[in-house]
Amino acid sequence: MQTAIINNQFLEKLRQLEKFVGNTPLYPITRLNTKPNVKIYAKLEWQQLSNSVKARAAFNIIKQAVLNGDIHEQKGLIDASSGNTAVAYATIGAKLGIPVTLCVPENASAAKKNALQALGATIIYTSRFGGTDEAQQKANELSLENPLQYFYTNQYANENNWKAHYNGTAQEIWNQTKEKVTHFIAGLGTTGTFVGTSRKLKELNKEIQTISLQPNSAMHGLEGWKHLESAIVPKIYDDTIADENRFVDTYEAFDLIKDAAKFEGLLLSPSAAANLLGALQLAEEIEEGVIVTTFADHASNYPEILETIL
Ligand SMILES: Cc1ncc(COP(=O)(O)O)c(C=O)c1O
């Protein structure tokens with residue numbers, strides 16, 4: 001009974017917050033795209049709560065955990081994140097009054113660390129060498145040791161991650177392109193964006209081609225992305241969904257940040273530039289079509305990178 005009352009209060013707050021999640025605009029890439037019969041569009045995912053794509057997954061994960069009674073004002077969430085999910089959890093947690101504890105590799109950007117502290121999250125640093133894999137292990141351990149304190153939301157295994165994109169991102173792309181989308185191309189992090197969006201688009205039209213992107217080496221600078229061969233493969237990943245798997249070079253993506261600024265008026269993060277690179281390369285190979293990708297976040301999240309590429 002108590003849980004139901006708490007849930008109702010949270011539900012109302014969640015409903016109020018929900019309108020700030022998703023529904024991002026589709027931006028046309030016109031000057032860098034040289035193919036007259038190919039259109040390229042990108043969802044500007046920084047134009048929502050917490051300024052990144054991860055608002056979608058974090059919101060849906062928290063919403064379902066609240067509905068299940070797994071988290072509330074006394075029992076918070078714990079998870080591992082390279083940055084954007086952490087900021088999304090902390091933002092939503094601050095607004096709902098839910099404690100948020102995050103295991104973060106110590107080499108995460110200063111901007112993200114500052115944002116997390118300002119939003120009142122508890123940060124537990126893990127080694128820079130262990131990356132997000134070690135941060136995941138730490139979050140799991142702490143939740144097992146302190147089950148009354150933490151619920152491990154585990155974005156890498158949580159079905160509500162990909163479902164946020166299945167119900168949100170994909171449906172938006174379908175509506176915004178007036179059902180004309182022919183290709184969806186996006187990088188793999190937790191894989192939620194790619195798996196959820198592709199799964200739904202294929203249901204809407206099985207002809208739509210879905211292409212996944214990964215860094216072309218284990219040591220890369222595409223924050224938020226995983227090189228699956230050398231990482232723990234997220235449980236939500238489904239290797240039957242992609243029609244094709246492609247690989248992107250960090251340096252080429254960084255070069256494109258400059259061109260995207262100059263010719264498209266966009267200040268892109270490394271992963272957004274890597275998605276644009278994949279989309280431009282794909283456009284070169286087809287005669288006509290409507291290619292859609294996502295720009296997870298904005299260059300302002302990475303001030304140190306902008307300084308080095310100018
Ligand atoms: C900057 C950035 N790009 C891309 C991604 C990948 O998105 P997903 O986790 O849905 O695969 C993330 C995920 O954290 C990210 O932070």
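Student: What surrounds the ligand, and which residues are the closest?
Tutor: In this predicted model, the ligand is surrounded by 15 residues, and the closest are Lys54, Gly189, Thr190, Thr193 and Ser271.

Student: How does that shell divide into nonpolar, polar and charged?
Tutor: The shell around the ligand holds 8 polar residues, together with 4 nonpolar and 3 charged ones.

Student: OK, which atom of the ligand is 2.8 Å from the side chain of Lys54?
Tutor: That is an oxygen atom of the ligand, which is 2.8 Å from an N or O atom in the Lys54 side chain; an oxygen atom of the ligand also lies 3.0 Å from a polar side-chain atom of Asn84.

Student: Where does the ligand sit, in terms of pockets?
Tutor: The ligand takes up the space of the largest pocket.

Student: Switching topic, how many helices and strands are there in the chain?
Tutor: The protein chain has 10 helices and 10 strands, and its C-alpha trace spans about 60 × 40 × 35 Å along the principal axes.

Student: Why does the radius of gyration agree with a compact globule?
Tutor: Because a compact globule of 310 residues would have a radius of gyration near 19 Å, and the protein chain has 19 Å.

Notes: Residues are numbered from 1 along each chain as its sequence is written. This is a predicted model: local features need pLDDT of at least 70, side-chain atom pairs count only at pLDDT 80 or more; totals for chains, interfaces and linings use all residues. Side-chain values use heavy atoms; hydrogens and water are left out. A residue is near a molecule or strand if one of its heavy atoms lies within 4 Å of it. A polar contact is a pair of N or O atoms within 3.5 Å; within protein, one must be able to donate a hydrogen and the other to accept it, and residues adjacent in sequence count only if both atoms are side-chain atoms. On a 1 Å grid over the protein atoms alone, a cavity is a set of points where a 1.4 Å probe fits but cannot get out, and a pocket is an open set with protein on both sides within 12 Å along at least five of seven lines; lining residues have an atom within 4 Å of a point. A molecule sits in a cavity or pocket if more than half of its atoms lie within 2 Å of its grid points. Ala, Val, Leu, Ile, Met, Phe, Trp, Tyr, Cys and Pro count as nonpolar, Asp, Glu, Lys and Arg as charged, and the others, Gly among them, as polar. Helices (H or I, at least four residues) and strands (E, at least two) are DSSP runs, numbered from the N terminus. The radius of gyration is taken over C-alpha atoms; the globule rule is 2.2 Å times the number of residues to the power 0.38.
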